[in-house]
Amino acid sequence: MNSVVVFLLVAFAATASAQCTCKTMKWATCDGTPCQCTVMVGENVKQPLDCTKLIPKCFLMKAEMYRAKKGLSTRTGGKPTEHAFVDNDGIYDPECENTGTFKALQCNNTEECWCVNSAGVRRTDKGDKTLKCDKLVETYWVRLELKHKDIPGYQMDQDKLKTALKAALKERYDMPVDLTDSMEMAYDKDARLIVLDIKKDKADKDKDLSKMAYYMEKDVKVLPLFENTSKFEPNVEGKKVEMENILVYYVDAEPPTFTMKRLTGGVIAVIVVVILAVVAGLLILYFTNKKERAKYQKTQVRELDEMAK
């Protein structure tokens, strides 16, 4: 009888352990009853996670930085408006609020600091620790440029592709219905290029577009962050559409404040050369016109002299 009880307890413990996992974060460690999951974000620092939803980008970046320092993982590396910009600075070790949102001022554990948007992307010039970031500006619009792999012998239908993408966004990234329904899509079948515009209300701080964008970037460029490592492959008429490249643009509720002072020497040199070339061209044109006018005036004088004679 006792052996039966022990067997049942072991079986129950094994079942509970199997159920105690984090579906949205493959690096998490989970245990306990009720199940609790954490991820390492620093030396002896564990970040508690809510595995019922996508993990905030700020926590993901901290975990990725920690793992990179420990040699556990590495990160591989149509603008919608003039104010849209790409995350060109790459990964850094961010400062996060308890909720997982980025702090407006980021310094990456250095003396050099900058302001970020709600997606954690730099939106100002860099400065020192006295730099003022009055608020965390909301990213309300994300443009995704995706290129899918060729499907030999299959002609892609744009409407069916859009329907498949909507379904994949809802299922994989828990995208709210109002965002997927309002999503705009353009498709170039020859280039196999998909452009998705996903927007929310500028004042809406509850929906975080950066989580979806970051998870999708990992899905396409590296490996999924989910416990289940299946790829992001929308299903169109039974055909799996695999992506081979992605580019993400972020548009904030307020324009970024980059200035000329942070341009590199090479860029400045190019600008100077172009300006000098334009000035030289204008000077040549001016003196050529002046010479032609003087020649014309002399000709007129000679003709008048001959007529007078």
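The model is predicted: local features need pLDDT of at least 70, side-chain atom pairs count only at pLDDT 80 or more, and totals for chains, interfaces and linings use all residues. Residues are numbered from 1 along each chain as its sequence is written, and side-chain values use heavy atoms, with hydrogens and water left out.

**Overall make-up**

- The chain holds 6 helices and 11 strands. Both are DSSP runs numbered from the N terminus: helices are H or I with at least four residues, strands are E with at least two.
- Of the 309 residues, 38% are buried. Buried means under 20% relative accessible area, exposed means over 50%, and partly exposed lies in between (1.4 Å probe, protein chains only).
- Accessible areas come from the Shrake-Rupley method with a 1.4 Å probe; for residues, only the protein chains shown count as cover.

**Salt bridges**

- Side chains of opposite charge can pair when their charged atoms come close.
- The whole structure contains 19 salt bridges. Each is a side-chain nitrogen of Lys or Arg within 4 Å of a carboxyl oxygen of Asp or Glu.

*Buried pairs*

- Lys-62 pairs with Asp-93, with 2.9 Å between the closest N and O atoms. Both Lys-62 and Asp-93 are buried.
- Glu-64 pairs with Lys-218 at 2.6 Å, N to O. Both Glu-64 and Lys-218 are buried.

*A partly exposed pair*

- Lys-207 forms a salt bridge with Asp-178, and the closest N and O atoms are 3.6 Å apart.
- This pair links distant parts of the chain, 29 residues apart. Lys-207 sits in the loop between β8 (193-199) and α5 (209-221), while Asp-178 lies in helix α4 (residues 177-182).
- Lys-207 has a relative accessible area of 23%, so Lys-207 counts as partly exposed. Asp-178 is at 43% relative accessibility and is therefore partly exposed too.

**Nonpolar surface patch**

- Ile-275, Val-279, Leu-283, Tyr-286 and Phe-287 make up a nonpolar patch on the surface. Together they have about 500 Å² of accessible area.
- Patches take residues with over 30% relative accessible area and no salt bridge; like charges are joined within 9 Å, nonpolar side chains (Val, Leu, Ile, Met, Phe, Trp, Tyr) within 5 Å.
- Leu-283 belongs to helix α6 (residues 265-308). Its relative accessible area is 46%, so Leu-283 is partly exposed.
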